[in-house]
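Here is a short briefing on selected local features. Keep the sequence and the 3D view open while reading.

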Amino acid sequence: MSSPPQARSIKRCAVVGGGIIGVAVARELTNKLDGAQVTLYEKEDRLAGHQTGHNSGVVHAGLYYEPGGLKATLCRRGVGLLQEFCAARNLPYDACGKLVIAQTPEESRRLDNIFARATANGVPGVRMLSAGRIGEVEPNAVGLSALHSPETAIVDYAAVTNALADDVVAAGGQIRLGQEVTSLEQQGRGVVVRTKDSGEHYDLVVACAGLQSDRLAEATGEPRTPRIVPFFGQYFLLGDEARDKVNGLIYPVPDPRHPFLGVHLTKRIDGEMMLGPNAFISFGRESYSWKDFDARDVLDYALFPGFWNFARQNVPSAVREFQTVISKKKFIREAMRFVPALEGAKVVPGTRGVRAQAMNGDGSLVDDFVISRRRDTVLVRNAPSPGATSSMAIAEYIVQQALQP
């Protein structure tokens with residue numbers, strides 16, 4: 001009878017990427033590998049500098065995802081871990097609740113399907129509301145029906161990331177800021193992590209490179225596709241006079257004809273109320289203003305057939321999103337479909353994020369988490385929403401897979 005496979009001997013491991021998923025993975029490695037040296041590389045001079053620090057701060061409850069799928073499983077697990085961590089570290093966590101509001105009979109039918117998924121996923125407290133009961137949750141909101149998720153919450157993901165990093169350092173791990181990884185080279189055993197200045201050998205490497213994930217995957221010898229195509233999302237902040245017209249989060253029902261959700265209302269952990277985001281092609285993977293243009297990034301998707309397949313298939317969506325890009329009034333009118341009391345409200349530009357959208361060669365968007373392994377390297381190829389919510393659960397999943405023989 002053969003002996004069972006032995007667990008891998010890992011003394012030195014590296015994580016590439018200082019967003020919330022990368023830092024959560026580094027923390028999980030310090031927890032699971034007693035005595036091992038854990039090093040995290042981040043090319044910026046701070047953690048959470050990109051998607052983690054530019055998102056809405058929503059802790060998703062798991063309403064939309066296919067029951068039993070990776071997203072649903074890791075989201076529900078991630079919510080619990082995140083809530084426990086915030087409580088233990090005294091970080092703000094506000095279960096402000098969320099309404100998904102249907103405005104047409106067809107949207108009401110789709111909302112019933114979302115409710116069935118949410119129930120199957122074990123989302124606590126979720127319930128359907130008739131038009132007359134929407135005001136019990138959001139007095140200024142209107143619609144034909146709504147799904148109420150009372151435990152959908154908001155946090156400060158940058159603060160959570162830095163608290164996770166404190167645990168890494170306290171456990172003896174290293175965080176190297178300003179260190180851009182250029183390639184990962186598989187050796188006979190282990191991987192050499194190369195930066196512009198040096199190379200170091202590790203027994204295990206986990207790459208959580210977000211907006212640069214496809215490029216780093218290609219640098220390891222993996223296929224470039226799915227390709228990252230960047231889409232920016234602009235938020236506006238409601239003026240003080242209108243901020244109290246919304247209590248929590250108000251979302252539209254997802255429309256299968258459009259790849260992105262559309263404008264919604266989101267309370268922020270500091271009390272601000274955000275409108276947005278829209279979604280339109282970005283002039284760079286890390287372009288956070290109109291002035292930022294990266295020719296390499298633009299050429300990357302302009303020469304990618306999948307992008308043009310996507311564009312041809314989504315002309316109506318592009319028109320819808322472009323209207324909210326060029327017109328602040330159109331942006332507000334979208335929000336007024338749910339909260340008419342916002343008419344005349346003042347808004348100012350808020351944060352702008354860039355979504356690392358993974359796209360296949362046929363133009364289809366990659367929806368689920370994609371985590372692949374290449375010998376001694378684990379690559380996070382796609383971690384869309386609810387990636388931040390699921391970060392600690394994703395870390396558990398990755399480390400469990402990575403430690404397999």
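Is Arg-285 buried or exposed? Arg-285 is buried, because its relative accessible area is 1%, against a cut-off of under 20%. The model is predicted.

**Salt bridges**

- The count of salt bridges comes to 34.
- Side chains of opposite charge can pair when their charged atoms come close.
- Arg-285 pairs with Asp-300, and their closest N and O atoms are 2.9 Å apart. This pair links distant parts of the chain, with Arg-285 in the loop between β18 and α7 (295–302) and Asp-300 in helix α7, 15 residues apart.
- Asp-300 is buried too, with a relative accessible area of 15%.
- Arg-27 forms a salt bridge with Asp-167, at 2.8 Å between the closest N and O atoms. Arg-27 sits in helix α1 and Asp-167 in helix α5, so the pair ties together parts that are 140 residues apart in sequence.
- Arg-27 is buried at 18% relative accessible area. Asp-167 is buried, also with a value of 18%.
- Arg-133 forms a salt bridge with Glu-136, with 3.2 Å between the closest N and O atoms. Here Arg-133 is partly exposed, at 36% relative accessible area, while Glu-136 counts as exposed at 53%.

**Helix α5**

- Helix α5 spans residues 157–170, which makes 14 residues. From first C-alpha to last, α5 reaches 20 Å, close to the 20 Å expected at 1.5 Å a residue.
- At the start of α5, a side-chain oxygen of Asp-156 comes to within 3.1 Å of the backbone nitrogen of Ala-158.
- The buried residues of α5 are Tyr-157, Val-160, Thr-161, Ala-163, Leu-164, Ala-165, Asp-167 and Val-168.
- Their cover includes the helices α1 (20–32), α2 (70–89) and α11 (391–402). It also includes the strands β3 (58–59), β8 (153–155) and β9 (174–177).
- Just after α5, Gly-172 has a positive phi of about 100°.

**An open sheet**

- An open sheet is formed by 3 strands in the order β10-β11-β12, with antiparallel pairing.
- Its edge strands are β10 (181–186) and β12 (199–202), and each pairs on one side only.
- On average, neighbouring strands of this sheet are turned by 20° against each other, direction ignored.
- Strand β11 (residues 191–195) runs antiparallel to β12 and is joined to β12 by 4 bridges. One of the bridge pairs is Val-191 with Tyr-202 of β12.

**Backbone features**

- Most residues other than glycine have a negative phi, and most peptide bonds are trans.
- Asn-90 has a positive phi, near 60°. Its place is in the loop between α2 and β4 (93–94). Asn-90 counts as exposed, because its relative accessibility is 72% and the cut-off is over 50%.
- Arg-375 has a positive phi as well, near 55°. Arg-375 lies in the loop between β20 (370–374) and β21 (377–382).
- Thr-225 and Pro-226 are joined by a cis peptide bond, with omega about 10°. Pro-226 is in the loop between α6 (213–219) and β14 (227–238).
- The peptide bond from Gly-276 to Pro-277 is also cis, with omega near -5°. Pro-277 falls in the loop between β17 (273–276) and β18 (280–281).

Methods: Residues are numbered from 1 along each chain as its sequence is written. This is a predicted model: local features need pLDDT of at least 70, side-chain atom pairs count only at pLDDT 80 or more; totals for chains, interfaces and linings use all residues. Side-chain values use heavy atoms; hydrogens and water are left out. Helices (H or I, at least four residues) and strands (E, at least two) are DSSP runs, numbered from the N terminus. The expected span of a helix is 1.5 Å times one less than its number of residues. Buried means under 20% relative accessible area, exposed over 50%, partly exposed in between (1.4 Å probe, protein chains only). Contact means heavy atoms within 4.5 Å. A polar contact is a pair of N or O atoms within 3.5 Å; within protein, one must be able to donate a hydrogen and the other to accept it, and residues adjacent in sequence count only if both atoms are side-chain atoms. Two strands pair if DSSP finds at least two bridges between them. Axes are lines fitted to C-alpha atoms, for helices over the stretch in contact, and angles run from 0 to 180 degrees between N-to-C directions. A salt bridge is a side-chain nitrogen of Lys or Arg within 4 Å of a carboxyl oxygen of Asp or Glu.
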